[in-house]
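Have a look at the structure on the screen, and I'll take you through the parts I wanted to show.

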Amino acid sequence: MEVFLIKLLQFMLAISLLVLLHEGGHFFFSKLFGVRVEKFYLFFDPWFHLFEWKPKNSDTAYGVGWLPLGGYCKIAGMIDESFDTEQMAQPVQPWEFRSKPAWQRLLIMIGGVLVNFLLALFIYAMVLFAWGDQYMGAKDLKMGYKFNEQAKEIGFQDHDIIVGYDGKDIQKFDVDLYRHVADASTVKVLRQGKEVTLNMPGDLSLLEMLQSDPAFARPFVPAELDSVMPGTPADKAGLHKGDRIVSINGKSVDSWNEFTHQIGVLSDQMTVAKTHNDSVKLRTVQIAYTHEPYDVAATKPLDAASIDTLQIVLTPELLLGVGQTSIYSYYEPTKVSYGFFESLPAGISYGWNVLRGYVGDLKYVATAEGAKSLGGFGAIGSLFPAQWDWHQFWLMTAFLSIILAFMNILPIPALDGGHVLFLLYEIITRRKPSENFMIRAEYIGFGILILLMVVANLNDILRWLGYM
């Protein structure tokens, strides 16, 4: 429960900040051009609100709604989600949105997106200034990667180190590495100290690469125990920190990737267990382990005398009760510090790269697997850390700010991008779309948004219930 509340608080704080500043962008340009803002709200307020305050001699009522799905800035004389057709039926007033030149209305509409995008770049810059950057160099992964069968059919081999694609070098190990591999014509790897070039199909799906079990490629991490939790099956069986698992039920295990895969196989088998005895039988596994550390350069198999075997009954959740080592257990990451003025261009570059990657990944949304990967508020909230971490909080807030900016500029009626599209049409053709057309488009766009929201949050529920 505590973890849930921490994630929820971080999510609510980030969304509240982003919504306020997004609507503040519309508010700023409206006031700049003399357009009245009738309501400025955090969250929506159908039927009632939690708080409202209207300063003396002010045209704007400020408030907080009860439905935390966003916020709004009700601009006088504008067709928006309020569907205030009564106001639109009145004569045009000089303080209304519809009375202003198209270029001013355009700036008012892009104000929210502009603020969100600039905010993301600023946050990234300040994160780099405060914490610097930390990453694992691609060539630092001396044990290379563990590849699945699809990757091996292409030509990859376990322990290959991915260092380049299409004649370009790869500097960091991050999600961009997988993007490059997915789209590349050729990939360069280091294999036993020698460079090898692999021809790629060029049409790999990034989504399938990351979601397949086992995954297309993961950094090779030996199945060495980082810790053993007291009272768990591993502790009762006598396993200790530093032990290395070499097989489960006779199936070779050389890495945590393979260990996770074998546990996944057991999980699939558990679905057909009908009785308690069936469950216990499946959960009773033979684990072979050794005290010898992993040696990637070893050419001979382990001496049988150094291997011990235990019979262990896993928990009903198929947990062994051990902490796993990670790539940080074997390698030191590269750390880069930035001065204030250095952080500004670095933050812009960082944010632009995030946006480019996000936009590029949207092509998968049109696929069946991509639609299933859509997530709602639950999925977004789960991305925040289980403990309050300001570094991760600000990175997530900047990422959400970029998403909010990009999604809002899409040319869908009811979004800022839909209004921008119609304004550009007006500027180019010098013909203004009719108010009836705008109202109908707003209804259609609003319906599309509701449908997408339902699908995304339904996916969250199905994942929580275990159906996805």
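Let's start with helix 10, where the buried residues are Ser343, Ala346, Gly347, Gly351, Val354, Leu355, Gly357 and Tyr358. This is a predicted model, by the way, so please keep that in mind throughout. Look at how those numbers are spaced while I remind you of the usual helix geometry. An α-helix has 3.6 residues a turn, so residues three or four places apart point the same way. The helix itself runs over residues 340-361, 22 residues in total. From its first C-alpha to its last, helix 10 reaches 32 Å, close to the 32 Å you'd expect at 1.5 Å a residue.

And what covers those buried residues of helix 10? The cover includes helix 3 (102-131), helix 5 (175-183) and helix 13 (390-408).

Okay, stepping back for the overall picture. We've got 468 residues, and 44% of them count as buried. The protein has 15 helices and 17 strands, and its C-alpha atoms fill a box of roughly 95 × 55 × 40 Å along the principal axes. If you take contacts with a separation of 6 or more, 66% of them are between residues 24 or more positions apart. The accessible surface comes to about 25,400 Å², and carbon and sulfur atoms account for 61% of that.

Now, the inside. In soluble globular proteins, nonpolar side chains tend to be buried together. Here the largest nonpolar core has 51 residues, and the ones with the most contacts inside it are Tyr145, Phe156, Ile162, Val181, Ile245 and Leu320. Which element gives the largest share of this core? That would be helix 8, residues 256-270, with five residues. Apart from that core lies another one, of 20 residues, and Leu119, Val127, Tyr358 and Phe393 are among them. You'll remember Tyr358 from the buried list of helix 10.

Back in the largest core, let me pick out Val181. Not counting residues up to four places away in sequence, Val181 touches Phe156, Ile162, Val187, Met200, Leu204, Met209 and Phe216. Two of those names, Phe156 and Ile162, were also on the list of residues with the most contacts inside the core.

Next, a residue in strand 8, which covers residues 186-191: Thr186. What does Thr186 contact, once you leave aside neighbours within four places in sequence? There's Gly164, Tyr165 and Asp166, and then Thr197, Leu198, Asn199 and Met200. Take Leu198: the residue sits twelve places from Thr186 along the chain, and the two C-alpha atoms are separated by 5.5 Å.

On to the charges. The count of salt bridges comes to 13, and I'd like to show you a few. Asp133 and Lys172 meet through their side chains at 3.2 Å, N to O. That pair links distant parts of the chain, with Asp133 in strand 3 (residues 133-137) and Lys172 in strand 7 (residues 172-173), 39 residues apart. So, buried or exposed? Asp133 counts as buried at 12% relative accessibility, while Lys172 is partly exposed at 29%.

Then there's Lys146, which forms a salt bridge with Asp158, the closest N and O atoms being 3.1 Å apart. Lys146 is in strand 4 (residues 145-147), and Asp158 is twelve residues away, in the loop between helix 4 (149-154) and strand 5 (161-165). Lys146 is buried, at 10% relative accessibility, and Asp158 is partly exposed, at 21%. Asp158 also has a salt bridge with Lys152, at 3.2 Å between the closest N and O atoms, and Lys152 is partly exposed at 32%. Through shared partners, the salt bridges join Lys146, Lys152, Asp158 and Asp254 into one network.

Trp47, Phe48, Leu50, Phe51, Trp53 and Trp66 make a nonpolar surface patch of about 790 Å². Where does most of the patch come from? Strand 1, residues 37-53, gives the most, with five residues. Take Leu50, which is found in that strand: its relative accessibility is 57%, and exposed means over 50%, so Leu50 counts as exposed.

Key: Residues numbered from 1 in each chain as written. Predicted model: local features only at pLDDT ≥ 70, side-chain atom pairs only at ≥ 80, totals over all residues. Heavy atoms only, no water. Core = buried A, V, L, I, M, F, W, Y, C linked by side-chain atoms within 4.5 Å. Buried < 20%, exposed > 50% of the residue type's maximum accessible area, 1.4 Å probe, protein only. Helix = DSSP H or I, 4+ residues; strand = E, 2+ residues; numbered from the N terminus. Contact = heavy atoms within 4.5 Å. Patch = residues over 30% accessible without salt bridge, like charges linked within 9 Å, V, L, I, M, F, W, Y side chains within 5 Å. Areas by Shrake-Rupley, 256 points an atom, 1.4 Å probe, with all protein chains shown as cover. Salt bridge = Lys/Arg side-chain N within 4 Å of Asp/Glu carboxyl O. Expected span 1.5 Å × (residues − 1).
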